[in-house]
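Hi,

Here is the structure I said I would pass on. Have a look at it first, and my notes follow below.

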Amino acid sequence: MTAYATDPAPAATRTGALAGVRVLEMGQLLAGPYCAQLMADHGADVVKIEDPQRGDVMRQWGRKADDRSLWWPIVARNKRSVTCDLRTPEGREIARALAAEADIVVENFRPGTLERWGLDHATLAAEHPGLIMVRISGYGQTGPYAHRAGYASIGEAMGGLRHLVGEPDRPPGRCGISLGDTLTAMFGALGALAALEHRRRTGLGQVVDASIYESVLAVTESLIPEWVLAGHERTRTGATLPGVAPSNVYPTGDGGSVLVAANMDTVFRRLAAAMGRPELADDERFATHAARGAHAEELDAIVAAWTSTRPAADVLAHLEEHGVPAGPIYRAQEMLADPHFRARESILSMADPRFGEFPMQGVFPRLSGSPGEVRWLGPELGEHTDEVLTERLGYTPEAVRELRASDVI
């Protein structure tokens, strides 16, 4: 069999490394949709099924401008929206037909939902053995917690992240983004691409079981063996990591702050010279990585006393001259003004009839030979329903009108 399904989409949509890969997205909120967005950014033809009455709740969540979500245009970019009520037999038949000619299905319903609808992988694979299904959930598809409702915040807590975020004298904190969802989406996309390669060799699809708590657990470094083998419990340490110094946020003379990371021996020697204190590199308290970690508070005070005498721009320029890694702590406004961001087009802007110019992050990672791109922003609800049903599934215009009259689409 060929690696991918034949793609009849217009030439304008067939760009990127995943051009020709068909993805059917079912579900809502963030983890599943972001997983499909990553593939859409690199050229996959993503058809997103939405409830005809409400659509994905991401159309309403987050900050708004002119009563329109500013999150939706990003998480749904490069996708085609098809309205379809999966609670109806006719809606499920549309989903089955779309899955039958898809390479990948991405879903993030509670485990058991697709089984009740007859849209689970085992059922669909009986007709389409090459189908790959990415199943995103809080706890995975098996185990005693599989049936539970799972959200990113709970997965972050159970996966070990929340215990590590924040100041040591305060309750656990959180990142200002939905990190559990996005991590799971990335692992889901990675699993889908690995499954595509497996299918290329064997002709067989499979299930990619991506859980939020395990996706968080996967990035906790040596947290588990530190506890089991060394009796050490990682906990909240604020802006620093225990035993790693100097690597902290330091105040500057103009009321700002900079992050300096000079914990390697050679780099610390350059920092000491930059501060006009070359003798610090040979001081027994700071001469080695272990020694600096043991005297981190004392060393941080020395570095802070130096940075606080200069404006942030001067500190950064001086440290750059000496080859010391340092950087500012950016907000959106600083990112938009930064020449490096502009040179690499890290933030791009697209014309949009609803917002005018719509700025957003670009497509990452960058592929030198087949780069991804943003072809359009998140579509209107059901914008592509007629197009997909008639062109891809062969429905007649009359059949589409009947489905719409019955509130199926």
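Helix 3 (residues 89-100) has 12 residues and spans 16 Å from first C-alpha to last, close to the 16 Å expected at 1.5 Å a residue (the expected span is 1.5 Å times one less than the number of residues). Helices and strands here are DSSP runs numbered from the N terminus: H or I with at least four residues for helices, E with at least two for strands. This is a predicted model, where local features need pLDDT of at least 70 and side-chain atom pairs count only at pLDDT 80 or more, while totals for chains, interfaces and linings use all residues. Residues are numbered from 1 along each chain as its sequence is written, and side-chain values use heavy atoms, with hydrogens and water left out.

Back to helix 3: Gly91, Arg92, Ile94, Ala95, Leu98 and Ala99 are buried there (buried is under 20% relative accessible area, exposed over 50%, partly exposed in between, with a 1.4 Å probe and protein chains only). Viewed down the axis of helix 3, the buried residues fall within an arc of 155 degrees, so they line one face; the arc is taken over directions from the helix axis to the C-beta atoms.

Is strand 5 enclosed or open? With 5 of its 5 residues buried, strand 5 is largely enclosed by the rest of the structure. Lys79, Ser81 and Thr83 point one way and Arg80 and Val82 the other. Strand 5 pairs with strand 2 over 5 bridges, and Thr83 is the bridge partner of Glu50.

Last item: Asp282 sits in the loop between helix 10 (265-274) and helix 11 (289-294). Asp282 is exposed, at 55% relative accessible area. Its side chain makes a polar contact of 3.1 Å with that of Arg269 (N or O atoms within 3.5 Å; within protein, one able to donate a hydrogen and the other to accept it, and sequence-adjacent residues count only if both atoms are side-chain atoms).

Cheers

How values were computed: Two strands pair if DSSP finds at least two bridges between them.
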